[in-house]
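Thanks for coming, everyone. Please bring up the model on your screens, and we will walk through a few places in it.

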Amino acid sequence: MIKILIVDDEKPICDLIDLNLSAAGYHCTAVQDGVEALDLIEERDFDLILLDVMLPGVDGYEIMDYIRPLKIPVIFITARYEVRDRVKGLRLGADDYLVKPFDVVELVARVEAVLRRYHKTDNTLSALDVVVDVDGRQVTKNGVPVVLTNKEFGLLVLFIRNKNVALFRETLYEQVWGGEYTGDSRTLDLHVQRLRKKLGWERCLTAVYKVGYRLEVHG
């Protein structure tokens, strides 16, 4: 399992990231102190580090100096939004830079992109009775192959990687269709309906009023 270290001095932010990345199938460890983060990096192996800049003890830029020789990918997550701050983080060796506040779906997508770059992705996803081979683009339900269109497959991967999270129609459309959402949800709704029917997920792939859809997975 992919192991991610979350370093942020705001516990609610750590908890939010942990909740969503854990739901996406990652093993997360969260700390709110720079010195504690350094101790963990020395003691354990991590596949990715999500790193705030403003931290007690040791700031994120100093931690980045320590991480760089270890070749662990890093995404800075910070309230510092000015170009010079982003440039500094990237020049120090960070792989990406995400400004607070952020959409958790965008965070998961950026995590996936960095892990793919380092060939550290988990190639198999699962939810309920469905297993997805991401690289092979194959889906099985109780061991039986299910044929999906490209868009249905894209939606399925998004839902599984964001279990129990209400996903906005805008987010689903932009992530799967790659274009700007114009407010016409008929195409998206049709694809979700077909996905439900093919997987028998009429009860667990639910509509969220005035938001979009959520894959409900309990236990």
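Let's begin at a helix start: which backbone nitrogen does a side-chain oxygen of Asp 33 reach at the start of α2? The backbone nitrogen of Val 35, to within 2.8 Å. That is a polar contact, meaning a pair of N or O atoms within 3.5 Å; within protein, one must be able to donate a hydrogen and the other to accept it, and residues adjacent in sequence count only if both atoms are side-chain atoms.

Two ground rules. This is a predicted model, where local features need pLDDT of at least 70 and side-chain atom pairs count only at pLDDT 80 or more, while totals for chains, interfaces and linings use all residues. Residues are numbered from 1 along each chain as its sequence is written, and side-chain values use heavy atoms, with hydrogens and water left out.

Stay with α2, residues 34–43. Helices here are DSSP runs of H or I with at least four residues, strands are E runs of at least two, and both are numbered from the N terminus. Which residues of α2 are buried? Gly 34, Ala 37, Leu 38, Leu 40 and Ile 41. They sit on the same side of α2, because they cover an arc of only 165° around the axis. The arc is taken from the directions from the helix axis to the C-beta atoms. On the other side, Glu 42 and Glu 43 are exposed. Buried means under 20% relative accessible area, exposed over 50%, and partly exposed in between, with a 1.4 Å probe and protein chains only.

Next stop, Lys 100. Look in the loop between β5 (96–99) and α5 (104–117). Is Lys 100 buried or exposed? Buried, at a relative accessible area of 15%. Its side chain makes a polar contact of 2.8 Å with the side chain of Asp 8. Another, of 3.2 Å, joins Lys 100 to the side chain of Glu 10. Not counting residues up to four places away in sequence, Lys 100 also touches others, including Asp 52, Ile 77 and Thr 78.

Over to helix α1, residues 11–23. Asn 20 lies in this helix. Asn 20 counts as buried, at 6% relative accessibility. Its side chain reaches the backbone oxygen of Leu 16 at 2.8 Å. Leaving aside neighbours within four places in sequence, Asn 20 is in contact with Val 104, Arg 161 and Val 165. Asp 15, also placed in α1, is partly exposed, with a relative accessible area of 39%.

Now a sheet. Three strands form an open sheet, in the order β10-β12-β11, with antiparallel pairing. Its edge strands are β10 (167–168) and β11 (205–208), each pairing on one side only. Strands pair if DSSP finds at least two bridges between them. Four bridges join β11 to β12, residues 212–215. Thr 206 stands opposite Arg 214 in β12. Helix α8 (186–199) packs on the sheet, touching β11 and β12.

Last, cysteines. Cys 14 is buried, at 1% relative accessible area.

That's the tour.

Technical notes
Contact means heavy atoms within 4.5 Å. Axes are lines fitted to C-alpha atoms, for helices over the stretch in contact, and angles run from 0 to 180 degrees between N-to-C directions.
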